[in-house]
Amino acid sequence: MKTMELNPMAVSLNESEEKVMNFKDAAKSFLKATSKVAKAIGRILFVISPVYPQYMESLKRESNA
């Protein structure tokens, strides 16, 4: 086990290293969440895209009637 002197400088260095690690983890989780959202939006658009032209045609028919 590694021993360390306990002084204010050592504590501040250790805390700053933890913050950097937490920032890296936060960045990774943000990128992972962003990719999940992008994939979900892509799936929604893939499902909706064939239906959209039919919807627009029905709107045109209703406005002309």
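## Polar contacts and basis of the model

A polar contact is a pair of N or O atoms within 3.5 Å; within protein, one atom must be able to donate a hydrogen and the other to accept it, and residues adjacent in sequence count only if both atoms are side-chain atoms. Under this criterion, a polar atom of the Ser63 side chain lies 2.9 Å from the backbone oxygen of Lys60.

The model is predicted: local features need pLDDT of at least 70, side-chain atom pairs count only at pLDDT 80 or more, and totals for chains, interfaces and linings use all residues. Residues are numbered from 1 along each chain as its sequence is written, and side-chain values use heavy atoms, with hydrogens and water left out.

## Fold and surface

The chain has 2 helices and 0 strands. These elements are DSSP runs numbered from the N terminus (helices: H or I, at least four residues; strands: E, at least two).

Of the 65 residues in the chain, 2% are buried. Buried denotes under 20% relative accessible area, exposed over 50%, and partly exposed the range in between (1.4 Å probe, protein chains only). The accessible surface of the chain is about 6500 Å², and carbon and sulfur atoms account for 67% of it. Accessible areas come from the Shrake-Rupley method with a 1.4 Å probe; for residues, only the protein chains shown count as cover.

## Surface patches

Patches consist of residues with over 30% relative accessible area and no salt bridge, where like charges are joined within 9 Å and nonpolar side chains (Val, Leu, Ile, Met, Phe, Trp, Tyr) within 5 Å. A salt bridge is a side-chain nitrogen of Lys or Arg within 4 Å of a carboxyl oxygen of Asp or Glu. A nonpolar patch is formed by Ile44, Phe46, Val47, Ile48, Tyr52, Tyr55, Met56 and Leu59, with about 820 Å² of accessible area together. Helix 1 (8-48) and helix 2 (52-64) each give two or more residues to this nonpolar patch. Met56 belongs to helix 2 and is partly exposed, at 30% relative accessibility.

A patch of positive charge comprises Lys32, Lys36, Lys39 and Arg43. Lys and Arg count as positive and Asp and Glu as negative, while His and the chain ends are not counted; the charge is placed at NZ of Lys, CZ of Arg, CG of Asp or CD of Glu. Lys39 is in helix 1 and is exposed, with a relative accessible area of 55%.

## Two serine residues

Ser49 occupies the loop between helix 1 and helix 2 and is partly exposed, at 43% relative accessibility. A polar atom of the Ser49 side chain lies 3.2 Å from the backbone oxygen of Phe46.

Ser63 is in helix 2 and counts as exposed, at 57% relative accessibility.
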